[in-house]
Every structure is written in structure tokens, then in C-alpha cells.
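Here are my notes on the model, as numbered points. Please read them with the coordinates open.

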Amino acid sequence: MKVAVMGTGSWGTALAKVLNDSQQQVVLWGRNPETVAEINHTHTNRAYLPGLILDSQIRATTNLTEAVEQAEMILIVLPTRAIRGFAQDLLPILRTKQIQPLIVHASKGIEPLTYLRMSQVLDQVLGEYLEQPIAVLSGPSHAEEVARDDITVVTAASESLQVAQKVQETFMNKYFRVYSNQDITGVELGGALKNIIAIGSGVLAGRQYGDNARAALITRGLAEITRLGVAMGSDPLTFAGLSGVGDLIVTCTSQHSRNFRAGVLLAQGKKRETVDQEVHMVVEGFSTCQVAYELSNQLKIDMPITAGLYSLIYQGADVDQTVTALMEREGKQEASLDHF
């Protein structure tokens, strides 16, 4: 299968490697001519994945029309804020194609203002020309580990089980295992919302709180994610799977996580704008925190961790006072979803 991978960052490059190792024909598309030239000439991407040597069969281009020509699948691996603009650029190209490719994305976020998941954004722009439902690839997966063939297990989700299984078959190899799922709402929300809790985990680590505190944060964070996800139409069981608790654990406990690192920097007293610059990559959890905070207010969903982090990120709240306020909340019952 010919697969066009949109995005030459760490995750796009790692997934291009996965696809090549799964015997697919891969072309990478990116806007940075220096990165594209490096991939084509030295088969490296040192800015994002130092030490990785790509197969020479993987080629890259800055020409979007060339990248998607004859592609049977387009894999979009771009920051959330770039998805709509990219889809608008892709639209006139799809209009000219006789056979429409399967659209898959691997981006983890929710669009500000519209509160749309990424598959909904793509469907809103491209839906008229799509012959198959959109799919998402999500789960506990750091690009740095995938790049060195470390065992990784993720989920492919689509409203169509047939589409999810097609994505599953396309990516599977000896180190990259994929499960199929039809709850695309839950899979996308799990991948997006866990970034908020990962920032909180970084804040705790940055303030020298121990394992007890972080275990509590992850567990109660999962409760918040599940509450909001169910209110938005997800199957609660999805959040007990790879794209829920699996992705939450890996993002909250690893130095590879940009959202975790962002939390550590916040705990040191640095502001959101400074943190973005120091991490050198998009911290999706910042914008997702704002979206989730606004949604929780609209839907009347109790999300105290998200609210605390929102006050820390956007309102300049004190870290220690925020933690104390969470700990001194009125006692709650844990027994059921209604009392999460």
C-alpha cells in the first residue's frame, strides 16, 4: 500500500518507519525544506529523532500534490492547531482524485472554540470527498521508543470496524501491535485529555511530590477523563484500554512526554509562553486544558484537577495553593461513575 505521511516531526517520522517496516510504500510530506532534504540525502531527522537512520526507500517532499499522488492512505500527524488549515489545503487535491484515499490521523487534541475532535474537523472540511469513515491511531507510544523498535501497542479506531481493521493490518509488525476499536469518540478524547493530567504529573514531580501523589493524580485524572468522555458520547470501557489508561500512564510517567516536561517547568515558576519555547514542541495539553475546562462548565461535569491546572496555566495561580485546594475539597464517594 502507498501511504502518504503528513508531518516530519518525531511522531510522523517514527510512524513512517513503522509503515516501511510493515512493507508499505511510504512518502513523508513536510513544510521545512531543510528537514525534507536531510531525510532524502542522509536518511536522518536529527532535530526530532537523533540517532535514527531511516530506510533509503522512505522519501520526503514539500510538494503536497506529489505526496498524495496515488496514495491509498493519508496519515496526518500534525499539531491540532494545524489540522483545519492542512485539510483546507488538501481539499482541492482530493477533488481531482478518481479514488479517494483512506484518511487516518494520529494527532491528540481538541480544536479550540469549536470543541471538535480531529476526525470531526477533518470530516467537516473533507467529508464530501471521503469514501470511507476517518480513522484514528492512538495509544501509549513515545516516538523515541518506536524509533528503536521497542515494543509498542496502540489502537486503531473508526466508526467502521472494517476501516479500523484495515489500519490495523497496515501498521502491524513484530514490534508495533495494533488493536481495533469502533469507539472513535472515546479513543480521540482519551488521547487528548490525558495530556492535561500529564502536565499535572509534571507539576507534582517538579515540586518533589512522591509516587503516592502521582498515583492519586493518575487515578483521579482518569475519573475526570471518563466523566467528560461519557458525557460526550464515549463508551466508558474505552478509557480502561490502551487509548485511555494506557496512554495516561505512559504520558504521566515518562521524561519523553513533552506535557510532563511542561508541568515540571510550570512547577519551577515559568509561564506558559516560556514553557512552549523550552520544550521545542507543541504542548497540546495547554490548549486541551482550556477546552476541557470550558466544556466541563458547559456540561456541568466536575473536573477539579483540570480546573486547578487551568488556574495555574492561564490565571497565574500558585502551585502549592492549587495542590492544597484539591486536597481540602469535600469528601467524595468513589464507588460508581456517578460519584467519580
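1. Glutamate 278 is partly exposed, at 34% relative accessibility. The term covers what lies between buried (under 20% relative accessible area) and exposed (over 50%), with a 1.4 Å probe and protein chains only. Its salt-bridge partner is lysine 270, with the closest N and O atoms 2.9 Å apart. Lysine 270 is partly exposed too, with a relative accessible area of 29%. A salt bridge here is a side-chain nitrogen of Lys or Arg within 4 Å of a carboxyl oxygen of Asp or Glu.

2. A word on the basis. This is a predicted model, in which local features need pLDDT of at least 70 and side-chain atom pairs count only at pLDDT 80 or more, while totals for chains, interfaces and linings use all residues. Residues are numbered from 1 along each chain as its sequence is written, and side-chain values use heavy atoms, with hydrogens and water left out.

3. The structure holds 15 salt bridges. One of them pairs aspartate 21 with lysine 17, the closest N and O atoms being 2.7 Å apart. Both sit in helix α1 (residues 10-21), four residues apart, so about one helical turn separates them. Helices are DSSP runs (H or I, at least four residues), strands likewise (E, at least two), and numbering starts from the N terminus. Aspartate 21 is partly exposed, with a relative accessible area of 30%. Lysine 17, at 10%, counts as buried.

4. What links arginine 117 to glutamate 188? A salt bridge does, with its closest N and O atoms 2.4 Å apart. Arginine 117 lies in the loop between β5 (102-105) and α5 (118-126), and glutamate 188 is in helix α8 (residues 184-206), so the pair ties together parts that are 71 residues apart in sequence. Arginine 117 and glutamate 188 are both buried.

5. Now the domains. Domain 1 spans 2-182 and domain 2 spans 192-328; the bounds come from an automatic or database domain assignment. Their centres, taken over C-alpha atoms, are 26 Å apart. In contact (heavy atoms within 4.5 Å) are 23 residues of domain 1 and 23 residues of domain 2.

6. How much area do domain 1 and domain 2 bury between them? About 1,900 Å², 64% of it on carbon and sulfur atoms. Buried area is the accessible area (1.4 Å probe) that two parts lose on being put together, summed over both. In domain 1, Ile110, Tyr115 and His142 lose the most area to domain 2, together 36% of what that side buries.

7. Between domain 1 and domain 2 the count is one salt bridge. Lysine 108 and aspartate 247 form a salt bridge, with the closest N and O atoms 2.8 Å apart.

8. On the side of domain 1 that touches domain 2, two or more residues each come from α4 (80-95), α6 (143-147), β7 (152-158) and β8 (176-181). The largest share, three residues, comes from β7.
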